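User: Hi! I have a structure to look at and would like to learn how to read it. Could you walk me through some features?

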Amino acid sequence: MNGPIIYFTLPLFGGIPITQTTVSSFLVMIALCVAGILLGRNLQKRPSRRQVLVEKGVSALYGMVEDTMGKHNAYWTPYIGALFLSSICGSYIGMTGIFRSATADLSTTLTWALMTSFLCWGCSIRANGFVGWLKGFAEPIAVMTPMNIVSEIAQPISMAFRHFGNIAGGGVLTSLLYTALATGSAAVLGLVGQSIAVSIVLLAVGVALLLGGVRKGKLLYKIIGVVFAATGLLALLGLTGVPYLQVGVPGILSLYFDVFSGGVQALVFSLLTMVYVGNACPPPEEA
């Protein structure tokens with residue numbers, strides 16, 4: 001698995017490369033803007049099903065932000081929602097097989113993490129003043145100053161690498177699996193194809209297992225029957241280069257690496273952002 005491909009370079013400021021990540025990010029941004037316009041128009045007092053679902057989602061998002069950051073920070077909800085949707089859609093766009101996941105590029109997650117850190121610093125400066133913000137690095141004792149500085153630097157790095165590592169790692173494992181299954185397909189078909197009798201037997205056994213699985217409702221029989229029948233048929237036809245073992249297996253793992261992991265990382269990144277920004281924006285009486 002290689003890094004994002006550079007499509008072309010804009011002749012501005014010494015050259016701005018337009019990569020796969022840039023295209024995926026802009027497509028996600030455009031899709032979210034269009035979805036926001038379509039879902040937010042024609043609102044009525046007697047809501048339709050679409051409007052009810054949208055209002056439920058928005059209410060749940062506001063409730064999560066208020067529970068995590070406090071009601072006084074409810075105005076952060078649009079930002080948190082945009083961050084979560086950009087993250088989860090930026091991960092899921094890689095499932096199309098055409099575009100690259102935007103979150104599989106460290107530059108994307110690092111930018112979001114730095115935005116969170118700058119927001120925290122800005123809120124602290126607004127609440128305590130610049131001098132008060134600097135004094136915070138020396139509390140509770142002056143010896144802690146280096147550790148506090150390291151903690152501030154490590155915060156965006158850990159957030160960025162956690163999100164990027166999970167999405168990029170899933171993509172690498174999926175690519176390795178595809179390569180291994182293609183190699184296994186060629187090896188099995190090459191071995192079976194050396195004997196016509198073995199191919200015919202595998203085809204017959206596969207058809208019998210498939211019919212038995214359909215009749216008895218046995219999913220395992222169906223799967224084994226399809227594999228045996230496909231192996232025998234492809235070997236008889238001499239199609240030893242068909243990577244038939246790639247069908248199905250990567251899709252099951254994709255449910256975890258792409259769907260589950262992408263959703264969890266988007267939620268974790270948003271929750272960490274809410275916690276960090278919420279700590280930097282305490283209630284007025286505490287501030």
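This is a predicted model: local features need pLDDT of at least 70, side-chain atom pairs count only at pLDDT 80 or more; totals for chains, interfaces and linings use all residues.

User: Does Cys-123 count as buried or exposed?

Analyst: Residues are numbered from 1 along each chain as its sequence is written, and side-chain values use heavy atoms, leaving out hydrogens and water. Buried means under 20% relative accessible area, exposed over 50%, and partly exposed in between (1.4 Å probe, protein chains only). Cys-123 counts as buried because its relative accessibility is 6%. Cys-33, with a relative accessible area of 46%, is partly exposed.

User: How many disulfides are found in the whole structure?

Analyst: A disulfide is a pair of cysteine sulfur atoms within 2.5 Å. Here the search finds zero. For Cys-33, the nearest cysteine sulfur belongs to Cys-89 and is 12 Å away.

User: Where does UniProt place the feature "transmembrane region"?

Analyst: UniProt annotations may be inferred rather than shown by experiment; feature names are shortened, and positions follow the numbering used here. The unreviewed entry lists several spans, including 111–134 and 164–181. Helices (H or I, at least four residues) and strands (E, at least two) are DSSP runs, numbered from the N terminus. Residues 111–134 are 100% helix and 0% strand, with end C-alpha atoms 24 Å apart. Residues 164–181 are also 100% helix and 0% strand, and there the end C-alpha atoms lie 26 Å apart.
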